[in-house]
Amino acid sequence: MSQPLVAFNQLSVAFNGEQGRVRAVQQVSFELHAGQTLGVVGESGCGKSVTALAMMGLLPQPLAQIDGGEIHFAGQDLLKLRPQQMADLRGNRLAMIFQEPMSALNPVLTIGEQLVEPLIRHRGATPKAAWREATALITEVGLARAEQLMASYPHQLSGGMLQRIMIAMAISCRPALLIADEPTTALDVTVQAQILALLREQAQRHNMAMMLITHDLGVIAQMADRLVVMYAGRIVEQGATREVLANPQHPYTQGLMASRPVAGQRRRRLYSIPGQVPDLARLPDHCAFADRCSQVSARCRDGIPPLYGHAQRQSACFLNAGGRIHVG
């Protein structure tokens with residue numbers, strides 16, 4: 001197999017806050033190849049977005065601190081780059097779509113002014129050429145009246161239109177990797193389907209790798225080639241999406257699957273995983289899921305389970321200790 005475009009190796013990130021040191025991401029390792037879509041799923045606060053922000057060099061400073069690990073992109077460790085080098089990559093070969101397009105766009109600049117900026121900054125386009133290309137991008141992402149939209153301000157557009165503008169901005173420099181952080185949050189079902197179809201079409205057209213962050217397993221099943229499941233800052237399961245969804249090995253993944261509504265089945269109440277997500281500032285020194293797990297045993301409180309299995313299929317549960325331990 002070819003070298004991965006992206007390789008996270010034992011990444012750990014912590015935040016220093018009023019409640020103490022919060023271990024937001026711990027020893028996260030995974031790979032992503034060109035043209036591949038990786039889904040990252042888990043409850044709010046599990047470390048999904050922090051992982052993405054670490055890669056983009058956008059962790060809030062000085063609150064955030066990278067405790068260890070590496071993030072390799074196209075053969076270089078991003079954590080060793082100078083700020084100017086990261087700025088040259090960000091918005092160019094690395095692009096990100098944020099959860100809230102209204103807050104990600106500048107309210108006092110027109111859509112056109114914001115779309116031409118990366119084309120001028122990273123591609124060296126003249127203002128006239130950048131304006132022409134940005135107008136074409138608006139049409140490419142399925143919006144009509146491109147010239148009118150170029151002169152519009154963010155507050156004049158709907159949520160779905162803004163999300164398409166964010167996609168146009170993200171793909172303007174034809175990035176090798178697009179990170180989409182909850183790209184369909186707060187959109188209705190019809191618009192959500194359109195946005196996902198647009199992302200898939202753009203990824204295929206440009207052989208673009210995509211890291212799709214969401215809490216929606218339905219979106220993951222539809223979009224992702226591979227799946228990473230995170231809980232309390234750690235990866236608890238990863239593998240090919242079809243395999244993980246068809247045969248989840250970690251009790252947390254099993255709980256997520258059981259909590260999904262199933263077409264054709266009528267249940268009085270949907271299943272929910274009992275208990276609460278642990279406080280990241282007071283994580284136990286054993287499996288963080290133990291207090292919520294229906295299959296917990298004494299061994300689960302003896303230490304933190306490693307990822308068992310092989311590079312293509314892993315689960316951090318002592319129930320799967322029969323497999324060999326994969327060292328990241």
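Let's start with Arg205, which is partly exposed at a relative accessible area of 48% (buried means under 20% relative accessible area, exposed over 50%, partly exposed in between, with a 1.4 Å probe and protein chains only). Keep in mind that this is a predicted model, where local features need pLDDT of at least 70, side-chain atom pairs count only at pLDDT 80 or more, and totals for chains, interfaces and linings use all residues. Residues are numbered from 1 along each chain as its sequence is written, and side-chain values use heavy atoms, with hydrogens and water left out.

Back to Arg205: its side chain meets that of Glu140 in a salt bridge (a side-chain nitrogen of Lys or Arg within 4 Å of a carboxyl oxygen of Asp or Glu). That pair ties together distant parts of the chain, with Arg205 in helix α8 (residues 189-205) and Glu140 in helix α5 (residues 127-140), 65 residues apart. Helices here are DSSP runs of H or I with at least four residues, strands are runs of E with at least two, and both are numbered from the N terminus.

Arg205 also forms a salt bridge with Glu201. These two are four residues apart in helix α8, so about one helical turn separates them. Glu201 is partly exposed, at 28% relative accessibility.

Elsewhere, Glu243 pairs with Arg313 in another salt bridge. This one also links distant parts of the chain: Glu243 is in helix α10 (residues 241-246) and Arg313 in strand β12 (residues 313-315), 70 residues apart. Glu243 is partly exposed at 44% relative accessibility, while Arg313 is buried at 8%. The structure holds 11 salt bridges, including these:

| Salt bridge | Closest N to O |
|---|---|
| Arg205 and Glu201 | 2.6 Å |
| Glu243 and Arg313 | 3.8 Å |

Now for the sheet. Four strands form an open sheet in the order β2-β1-β4-β5, with antiparallel pairing (two strands pair if DSSP finds at least two bridges between them). β2 (20-32) and β5 (76-77) are at the edges with a single partner strand each, so one side of each has no neighbour in the sheet. Strand β4 (residues 64-73) is joined to β5 by two bridges, and the two run antiparallel. Phe73 stands opposite Gln76 in β5.

Helix α1 (residues 48-56) lies across β1 (6-17), β2 and β4, running at about 105° to β1. The axes are lines fitted to C-alpha atoms, for helices over the stretch in contact, and angles run from 0 to 180 degrees between N-to-C directions; contact means heavy atoms within 4.5 Å.
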